[in-house]
Amino acid sequence: MNASVKEVLEWAENQNFSSFQQQKTSNSKLENLSKNHKIIEIKNVQHPALLEYLKERNVENQTQFLQEIHYRMNDKNYFGIGFKNDSGGYEIRNKYSKICLGKKDVSTIKSNLNSVRIFEGFFDFLSFKNVENFLEKEPSNYIILNSVSMIHNIKNSLKDYENIELYFDNDEAGNRAVEMIENENKNVEDCRILYSDFKDLNDWLINKNPLNERQLKHRRR
């Protein structure tokens, strides 16, 4: 977009940019109100504030999996990054808000393959897609839990896979989830060794950024 900073700021203000900032103070209220919402508009991600947020998370090039959701709750308009789940609900994220609109569920991306990779949240999935080629990983099916508490929803479906890779958080809940799946399935790989010094896969991508290291090596040759 060939526009000056002033023009971008004016455009953002006209797009109700203030509602994006207001969500920082009303996030706890949003959690309680999210059941009573109305989705106003669904479109490709294009708002500067959301694009900047994705850039901060190092996943700005994975917008094909995302949508920009504008919604109304308690007589106020909000917007955020939307990631659709298998029940038609949306995980909504922006810099200040983390809620689900509609029914909470997992998100499944299928390629009719006999291997699956499981992620706790969609930012970890987007992070993996950024480094999939770098890690020399073959395509697979993907399951994004959208909350580690949803793990019970996928237990039966895992029996269909010959190989299962786990990309959970490095915390107690992640440990329990890995243990549960390992106890009930064969050919399970805990892939957290890749980012063992970080909170999760996205934290690793943001702080270590292996793609930059790879580019640096190529320049040195």
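## Reading the strands and helices of a predicted model

The protein chain exposes about 12,500 Å², and carbon and sulfur atoms supply 43% of that area (Shrake-Rupley method, 1.4 Å probe; for residues, only the protein chains shown count as cover). This is a predicted model, in which local features need pLDDT of at least 70 and side-chain atom pairs count only at pLDDT 80 or more, while totals for chains, interfaces and linings use all residues. Residues are numbered from 1 along each chain as its sequence is written, and side-chain values use heavy atoms, leaving out hydrogens and water.

User: How many helices and strands does the protein chain have?

Analyst: Helices (H or I, at least four residues) and strands (E, at least two) are DSSP runs, numbered from the N terminus. The protein chain has 7 helices and 10 strands.

User: In what order do the strands of the open sheet lie?

Analyst: Strands of a sheet pair through backbone hydrogen bonds, either parallel or antiparallel. Two strands count as paired if DSSP finds at least two bridges between them. Here 5 strands form an open sheet, in the order β1-β2-β3-β4-β5, with antiparallel pairing. β1 (38-43) and β5 (98-101) are the edge strands, each pairing on one side only. From one strand to the next, the twist averages 35°. Angles run from 0 to 180 degrees between N-to-C directions; axes are lines fitted to C-alpha atoms, for helices over the stretch in contact.

User: What joins β4 to β5?

Analyst: 4 bridges join β4 (residues 90-93) to β5. Tyr90 stands opposite Leu101 in β5.

User: Which strands does helix α3 lie across?

Analyst: Contact means heavy atoms within 4.5 Å. Helix α3 (residues 48-56) lies across β2 (67-73), β3 (76-84) and β4. It runs at about 40° to β3.

User: Why is β7 largely enclosed?

Analyst: Buried means under 20% relative accessible area, exposed over 50%, partly exposed in between (1.4 Å probe, protein chains only). In a regular strand the side chains alternate between the two faces of the sheet. 5 of the 5 residues of β7 (residues 115-119) are buried, so the rest of the structure largely encloses β7. Ser115, Arg117 and Phe119 are buried on one side, Val116 and Ile118 on the other.

User: Which strands pair with β7?

Analyst: β9 (residues 163-167) pairs with β7 in the parallel sense over 5 bridges. Ile118 stands opposite Leu166 in β9. β8 (residues 141-144) also runs parallel to β7, joined by 4 bridges. Arg117 faces Tyr142 in β8.

User: Is α4 enclosed or exposed?

Analyst: 9 of the 10 residues of α4 (residues 122-131) are buried, so α4 is largely enclosed by the rest of the structure. Among them are Phe122, Asp124 and Val131.
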